[in-house]
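User: Hi, I am new to this structure. Could you walk me through it with a few questions and answers?

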Amino acid sequence: MRTLVSPSALRSPRGKVVYGVVFACTLAVFVIAFMFPLYWAITGALKSPQELAQTPATLVPHEWHPETFADAWSQLNLGKYFLNTLVVAGGAWLAQLAIDVPAAFALSKLRPKFGNVVLGLMLATLMLPATALLVPTYVTVTDLPLLHLNLINSPTAVWLPAAANAFNIYLLKRFFDQIPDELIEAARIDGAGPVRTLWKIILPISRPILAVVSILAVVTAWKDFIWPLLVFPDTEKQTLSVMLQRVAIDMPLNVLVAGMVLASLPMVALFLAFQRQILAGLTAGSIKG
Amino acid sequence: MSSPRSSSLLAWPATSSSRAGRPAVSPEERRRTTLKRKIKENLTAYGLLCAALVVFALFSWYPIVRGVLLSFQQVDFVNAPTWVGFDNFAKLFEDPLFGVAWRNTLLFTGLALVFGFAVPFLTAVLLNEIRHAKAFFRLAVYLPVMLPPVVTALMWKWFYDPGPGLFNSALGAVGLPGGQWLDSSGTAMLSLVFVSTWANMGSTTLIYLAALGTIPGELYEAAELDGAGVWKRLRHVTFPQTRFVLLVLLLLQVVATMQVFTEPYVMTGGGPDDSTVTVLLLLYRYAFVYNDFGSASAMSLLLFVALGVFSAWYVRLTRKADQS
């Protein structure tokens with residue numbers, strides 16, 4: 001594909017040299033800027049506490065202490081916090097799919113009366129900066145109107161607000177809009193009700209968008225900090241991020257760093273496994289320029 | 001024995017019986033059945049929508065109204081909320097930290113624009129020209145985006161450590177004096193901006209890269225035939241062609257960076273000398289340290305209004321620029 005620099009300029013002897021130099025420099029900068037910090041964190045966890053506190057720091061650990069990872073697992077009680085985070089993120093994912101998919105389907109294909117008003121009211125919430133609702137939503141979660149339930153310390157305090165996600169509904173609706181109405185009509189003639197149509201026909205062909213929504217949901221929930229910080233005052237219920245921040249001051253540095261590396265692994269693994277969907281999700285919301 | 005009609009009856013019982021079961025209907029009756037079907041469809045649709053309506057009502061629409069009300073109330077969760085008019089706003093304006101927080105936030109946003117806007121764009125332009133190891137570059141630049149922000153913040157707090165930290169060790173290794181980074185009020189905010197840029201530039205870079213990929217190659221060819229060098233092509237082809245994405249991401253970035261919280265909360269706690277107290281950090285203190293939810297809501301309302309006014313002004317400005 002033709003870009004800024006012309007292919008013929010690249011093929012000339014001088015072009016080849018310039019390209020080689022630029023490529024090598026970019027590669028070096030990327031390795032130093034993005035790979036080296038990760039190397040530093042992983043090897044930092046493998047150093048002894050004395051070596052870690054030493055000035056100047058060592059590039060390669062003099063002694064290797066792989067057992068730090070096991071220590072971090074038990075000292076930080078990581079198993080429990082992994083499970084907490086998994087419950088919070090998994091539940092937020094399921095809640096978003098279970099609530100937003102039927103809503104988007106109804107708005108896209110059943111087109112009820114006032115559907116556009118409902119959609120407009122949902123999309124309007126995207127105009128609000130996320131933090132503008134922090135305090136009132138917190139107040140609401142401590143005492144739900146009408147039901148008078150207090151969701152503090154319950155994972156539902158993350159699940160339910162996460163499902164009120166207008167961006168998901170917008171993405172899903174836009175995808176459903178492209179599915180021809182004839183398909184739905186054909187299903188109806190065959191005697192399938194709307195729910196059956198959604199389950200048997202729409203969902204199977206919507207896999208790409210469901211993957212994008214799912215990954216966005218899990219990654220957002222796993223990365224979130226401020227909301228879990230507010231709604232899980234009970235230290236036993238906290239997510240990994242909130243716990244790490246809480247213990248950061250008191251923990252030996254090597255144990256803390258090992259804990260940080262372990263807490264990041266699931267997201268890095270997810271990224272390596274679902275790169276394509278994640279990068280598709282990144283540009284899914286953006287409009288073509 | 002069999003007439004054509006009866007044979008068709010045998011062969012197509014379904015069609016015939018349905019035809020037989022539906023004698024000529026009056027228009028009145030037909031209208032009633034379509035109405036019935038319409039009602040039924042609407043009920044199903046709202047049945048599928050009801051869960052979404054409940055969560056939006058509880059966690060989005062109601063809090064919007066509640067937030068505005070809270071701004072004008074005194075709320076401490078012990079006594080019943082009382083209406084106090086503009087007292088919460090007056091209290092905020094009297095707090096010397098209020099002005100500091102806004103100044104710091106604007107400084108953060110400004111610095112984040114300088115780095116967070118130029119660096120990803122130039123990186124994307126550069127990566128678009130590189131023909132080798134494309135997958136590696138994309139992966140590397142996006143990897144920090146996947147790390148939990150708390151991990152990134154804690155990790156960089158350790159890198160910035162003036163003693164055995166990565167930065168001063170690296171500077172020492174090449175014979176340069178180390179810096180105070182987070183421990184000096186002069187550099188603390190800049191250090192936070194640096195972390196934030198490092199952590200978030202992956203997504204903007206890849207969005208720019210996608211936008212660059214849609215530029216038709218003929219435009220570059222034509223510009224080259226007209227004698228435009230690389231810089232002129234960048235200025236007259238690349239910029240105008242990615243203008244829309246650039247403008248949208250600029251707006252999104254200002255809105256996002258004005259709400260910065262995790263980095264100052266985890267890395268500096270607002271210090272040293274309140275040099276990293278941001279609007280959101282102060283809002284957090286009002287609500288969850290001083291238990292003054294009214295003033296905290298007043299602060300969110302101000303932030304919302306400020307961002308709303310900025311967005312409206314920005315959209316108008318860019319539209320005007322488009323027309324001229």
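**Aromatic pairs**

Analyst: Happy to! Over all chains, the structure holds 44 aromatic pairs. Rings of Phe, Tyr and Trp (its six-membered ring) pair if their centres lie within 6.5 Å; planes under 30 degrees apart count as stacked, over 60 as edge-to-face and the rest as tilted. This is a predicted model, in which local features need pLDDT of at least 70, side-chain atom pairs count only at pLDDT 80 or more, and totals for chains, interfaces and linings use all residues; side-chain values use heavy atoms, leaving out hydrogens and water. Residues are numbered from 1 along each chain as its sequence is written, while chains are lettered from A and ligands numbered from 1 in the order in which they are written.

User: What kind of aromatic pair do F261(B) and Y284(B) form?

Analyst: The ring centres of F261(B) and Y284(B) are 5.3 Å apart. Their planes make an angle of 50°, and the pair is tilted.

User: How many residues apart in sequence are the parts that this pair ties together?

Analyst: Helices (H or I, at least four residues) and strands (E, at least two) are DSSP runs, numbered from the N terminus. F261(B) lies in the loop between helix 11 (230-257) and helix 12 (262-268) of chain B, and Y284(B) in helix 13 (residues 279-289) of chain B, so the pair ties together parts that are 23 residues apart in sequence.

User: Are F261(B) and Y284(B) buried or exposed?

Analyst: Buried means under 20% relative accessible area, exposed over 50%, and partly exposed in between (1.4 Å probe, protein chains only). On that scale, F261(B) and Y284(B) are both buried.

User: How do the axes of helix 4 and helix 14 of chain B lie to each other?

Analyst: Axes are lines fitted to C-alpha atoms, for helices over the stretch in contact, and angles run from 0 to 180 degrees between N-to-C directions. The axes of helix 4 (residues 87-94) and helix 14 (residues 293-323) of chain B come within 9 Å and cross at roughly 80°. Angles under 35 degrees count as roughly parallel, over 145 as roughly antiparallel, 65 to 115 as roughly perpendicular and the rest as oblique. That makes helix 4 of chain B, relative to helix 14 of chain B, roughly perpendicular.

User: Which residues of helix 14 of chain B make the contact?

Analyst: Contact means heavy atoms within 4.5 Å. Helix 4 of chain B contributes N88(B), F89(B), K91(B), L92(B) and F93(B). From helix 14 of chain B come G294(B), S295(B), A298(B), M299(B), L301(B) and L302(B).

User: How many residues of helix 7 of chain A are buried?

Analyst: Helix 7 of chain A covers residues 134-142 and is mostly covered. What covers its buried residues includes helix 8 (156-163) and helix 13 (226-231) of chain A, together with helix 3 (27-71), helix 13 and helix 14 of chain B.

User: Is T43(A) buried or exposed?

Analyst: T43(A) has its place in helix 2 (residues 13-46) of chain A. With a relative accessibility of 4%, T43(A) counts as buried.

User: Which residues is L139(B) in contact with, leaving aside its neighbours within four places in sequence?

Analyst: L139(B) belongs to helix 6 (residues 134-146) of chain B. Its contacts, with those neighbours left aside, are F271(A), L272(A) and Q275(A).

User: What is the relative accessible area of D274(B)?

Analyst: D274(B) is in the loop between helix 12 and helix 13 of chain B. Its phi is near 60°, a positive value in a residue other than glycine. D274(B) is partly exposed, and its relative accessible area is 33%.
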